[in-house]
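Open your viewer and get ready to click along. Each stop below names something to select and then tells you what is there.

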Amino acid sequence: MKCVAALGSSVALAAMLALAGGLPVAAQRGGQEAIAIVVNRANPTDDLSIDELRKAFLGGRQRWPNGRKITVVMRPPGDMDRDLVLRLVCRMSEAEFQKYTLQAAFTGESPAGPRVLDTPLGVRRFVFNVPGAIGYVRLSEVDDTVKVIHIDGRAPSDPGYRLTAAAGPTGTGLFTRE
């Protein structure tokens, strides 16, 4: 129970900091927070088009330019940030994505679906430890263990960045597309 209380307190503190202006400006743009696409710091890729990102998340692109295998890590079904990534990047609903990954595994197009981790910390740790990993976290959850890549030439803090969610704790709020 202590972990749950601590988590609730952390979420409440983050919400208070956001309201008080304590989070980075880039993370609070107009009541929206950017979803950062993160890779291992050793990954030479700095920018992907939204189509290249889609191919990576759906298994159509299986290797980075340096030859490393792409390993996708996502949050669990029902997570609002996952829903945003599925909708804006993969252009699918959760049900369509599940069907797609099952069919890809069955036909051998993609040997395995994405790795699923419950927390932003888990995603960051996985990306830090797996050189070919790619995942996503809210911009306010990024630390120096991962590298944020640009999408269509834009950083998450840039105007016109395409992946944004309603500001607030992960797993809540609506998602939008700028």
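**First stop: a loop residue**

Start by selecting Arg91, which sits in the loop between H3 and helix H4 (94-107). Helices (H or I, at least four residues) and strands (E, at least two) are DSSP runs, numbered from the N terminus. Arg91 is not a glycine, yet its phi is positive, about 55°.

This is a predicted model, in which local features need pLDDT of at least 70 and side-chain atom pairs count only at pLDDT 80 or more, while totals for chains, interfaces and linings use all residues. Residues are numbered from 1 along each chain as its sequence is written, and side-chain values use heavy atoms, with hydrogens and water left out.

**The whole chain**

Now zoom out and colour by secondary structure. The protein chain has 5 helices and 9 strands, and along the sequence they follow the pattern α-β-β-α-β-α-α-β-α-β-β-β-β-β. Of the 178 residues in the protein chain, 39% are buried; buried means under 20% relative accessible area, exposed over 50%, and partly exposed in between (1.4 Å probe, protein chains only).

**Into the core**

Next, select Ile37, Leu53, Phe57, Ile134 and Leu163. In the largest nonpolar core, which has 40 residues, these touch the most other members. Such a core is a set of buried Ala, Val, Leu, Ile, Met, Phe, Trp, Tyr and Cys residues joined through side-chain atoms within 4.5 Å. Elements that each supply at least two residues of this core include strand S1 (32-40), helix H2 (50-58), helix H3 (80-90) and strand S5 (133-138).

Is Ile37 buried or exposed? Ile37 counts as buried, at 0% relative accessibility, and you will find this residue in strand S1.

Move on to Phe57. Leaving aside residues up to four places away in sequence, Phe57 touches Val72, Met74, Val85, Val89, Cys90, Phe97, Ile134 and Tyr136; contact here means heavy atoms within 4.5 Å.

**Two helix pairs**

Show H2 and H3 together. They pack at an angle of about 120°, with their axes 9 Å apart. Axes are lines fitted to C-alpha atoms, for helices over the stretch in contact, and angles run from 0 to 180 degrees between N-to-C directions. That angle makes H2 oblique to H3: under 35 degrees counts as roughly parallel, over 145 as roughly antiparallel, 65 to 115 as roughly perpendicular and the rest as oblique. Ile50, Leu53, Arg54, Phe57 and Leu58 in H2 meet Val85, Leu88, Val89 and Cys90 in H3. The residues of this contact of H2 with H3 are 8 nonpolar, no polar and 1 charged.

H3 and H4 pack at about 70°, with their axes 10 Å apart, which makes H3 roughly perpendicular to H4. To see the contact, select Arg82, Asp83 and Leu86 of H3 with Glu94, Phe97 and Gln98 of H4.

**Last stops**

Select helix H5 (120-129). Its buried residues are Pro120, Gly122, Val123, Arg124, Phe126 and Val127, and their cover includes S1, S3, strand S4 (115-116), S5 and strand S6 (146-148).

Finish at Asp152, in the loop between strand S7 (150-151) and strand S8 (164-166). Asp152 is partly exposed, with a relative accessible area of 34%, and its phi is near 55°, a positive value in a residue other than glycine.

Technical notes. Nonpolar A, V, L, I, M, F, W, Y, C, P; charged D, E, K, R; others polar.
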